[in-house]
Amino acid sequence: MTYQNFSRAQLQAIDSAHHLHPFTDHKELRGAGARMITRAEGPFIYDSEGTQILDGMAGLWCVNVGYGREELAKAAYDQMKELPFYNSFFRCTTPTPVLLAAKLAELAPANVNQVFYGSSGSEANDTALRLVRHYWALEGKPTKRIVISRKSAYHGSSIAGASLGGMDGMHSQLYGAVPDIVHVMPPYSFELALPGESDHDFGLRAARAVEQAILDAGAENVAAFIGEPILGAGGVKIPPASYWPEIQRICDKYDVLLMIDEVITGYGRTGAWFASETYGIKADTITTAKALTSGYQPLSALLVGDRIASTLVDKGGEFYHGYTYSGHPVACAVALKNLEIIDREGLIDRVKNDTGPYFAAALAERIGTHDLIGETRAIGLMGAIEIVKDRGTRERFAGGASGDKIRDLSIANGFMVRSVGDTIIMAPPLIWTREHVDMACDRLAKALDSAE
Ligand code: PLP
């Protein structure tokens with residue numbers, strides 16, 4: 001039985017009867033039904049009616065090498081035939097997670113040389129949270145338990161991930177949040193900078209909210225600060241240049257570990273292997289997933305810095321933590337091939353020196369001048385536009401639904417984007433050329449024009 005035997009309407013009816021979707025209002029879904037994406041090639045996705053859509057979200061920040069890569073299918077096939085699964089528990093492992101760990105240690109910043117695997121970013125952040133608390137206990141400072149995060153952060157949907165995250169809609173308290181997690185303001189200058197405040201000063205002020213939280217809690221009680229280098233799902237909020245150096249200074253001063261969540265930014269998105277490099281951050285843990293396999297297999301890798309790893313290994317005993325699929329051999333085989341492709345095709349250099357700057361300029365010049373746009377921002381191939389009613393005052397439309405409207409118009413014009421409130425966000429595959437940037441801007445501009 002294959003899906004080709006079913007019409008779109010039949011698939012939608014079955015979907016509605018049996019399938020609970022993530023982050024979806026099912027009452028809304030019942031009306032129009034879900035969009036059925038049935039195949040994809042290069043930078044394009046196709047729905048069940050054969051409509052071609054330029055994918056501005058790389059699936060869900062995942063498909064950095066684009067769709068339809070036979071090499072990745074072959075890597076999975078070969079590994080499945082050889083050894084589809086064996087675990088890495090109890091003094092066993094298999095070759096591909098070993099080789100991938102070495103590759104990741106080579107690519108990661110110099111102080112990061114160990115890897116703990118999972119299947120998702122949420123799992124990796126659960127691991128990171130347990131690990132930093134474990135570390136402080138092993139170091140004889142068990143009171144250091146509090147983790148400071150930011151509002152608008154997204155760190156996953158597991159109980160720990162949701163508790164670490166700070167997006168309003170996650171309502172982690174409702175489900176029973178993990179205790180000892182504190183949230184401070186995000187570096188979101190478009191809405192939070194004071195009149196006349198420079199970008200530089202705003203960045204310092206936002207970072208010092210972290211310092212204040214440390215002082216309020218007492219440094220002896222604070223384990224770590226967690227942050228995405230660029231707040232992604234919370235609206236591609238790009239921090240001022242002054243922000244991360246100040247965060248680093250504060251964490252060093254109070255001996256607070258730095259947990260960097262690169263689930264979105266890892267593996268090339270900002271024009272470097274990791275955004276930690278882009279911002280010069282010295283992380284104690286780096287959470288990665290998504291583009292590690294370009295989404296072709298579910299896999300996460302928590303990259304662990306030497307400071308934590310040496311304590312864990314030398315003083316730790318058994319770390320009571322792990323997932324059946326930690327180091328899944330097929331997912332790791334796909335990741336190795338995916339990293340080889342990114343490297344071989346020079347995708348990161350292209351983002352850094354060509355498509356990234358071109359994307360930022362195109363958004364500013366061709367979209368940023370529109371009456372409905374209050375700001376455009378981009379770094380590498382990651383960008384956002386702010387929808388406003390009034391460019392001068394940055395007043396928003398009542399009800400905050402304009403983002404969804406522009407998103408729907410954009411998709412109808414053949415360009416897939418995502419909305420977060422009144423912000424439209426984009427993170428296309430890294431294989432995009434300047435022609436794809438132009439195509440995206442044409443389609444987005446058309447969507448904006450038709451919204452007026
Ligand atoms: N961290 C960040 C920054 C993310 O963007 C996401 C997912 O979008 C996650 C963690 C959670 O990853 P997953 O959905 O694979 O659990």
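Two strands are said to pair here if DSSP finds at least two bridges between them. Helices (H or I, at least four residues) and strands (E, at least two) are themselves DSSP runs, numbered from the N terminus.

Good morning, colleagues. What I present is a predicted model, in which local features need pLDDT of at least 70 and side-chain atom pairs count only at pLDDT 80 or more, while totals for chains, interfaces and linings use all residues. Residues are numbered from 1 along each chain as its sequence is written.

I begin with the sheet of seven strands. This open sheet has mixed pairing and the order β4-β10-β9-β8-β7-β5-β6. At its edges stand β4 (112–118) and β6 (181–184), each with a single partner strand, so one side of each has no neighbour in the sheet. From one strand to the next, the twist averages 20°; angles run from 0 to 180 degrees between N-to-C directions, and axes are lines fitted to C-alpha atoms, for helices over the stretch in contact. Four bridges link β5 (residues 146–150) with β6 in the parallel sense, and Ile148 stands opposite Val182 in β6. Helix α5 (residues 95–107) lies across β4 and β10 (300–305), at about 135° to β4.

The other sheet is also open: its four strands have the order β1-β2-β3-β13, with mixed pairing. Strands β2 (residues 44–47) and β3 (residues 52–55) run antiparallel and are joined by three bridges. Phe44 stands opposite Leu54 in β3. Helix α17 (residues 434–451) lies across β3 and β13, running at about 110° to β3.

I turn now to a helix pair. How far apart are the axes of α6 (residues 121–138) and α13 (residues 306–315)? They are 10 Å apart, and the helices pack at an angle of about 60°. That makes α6 oblique to α13, given that angles under 35 degrees count as roughly parallel, over 145 as roughly antiparallel, 65 to 115 as roughly perpendicular and the rest as oblique. Contact, meaning C-beta atoms, placed from the backbone, within 7 Å, is made by Leu131, Tyr135 and Leu138 of α6 with Ile308, Thr311, Leu312 and Lys315 of α13.

Finally, the ligand. Among the 15 residues around the ligand, Ser120, Gly121, Ser122, Gly156 and Val263 come nearest; a residue is near a molecule if its C-beta atom, placed from the backbone, lies within 6 Å of it. Helix α6 supplies the largest share of this shell, three residues.

Notes. Contact = placed C-beta atoms within 7 Å.
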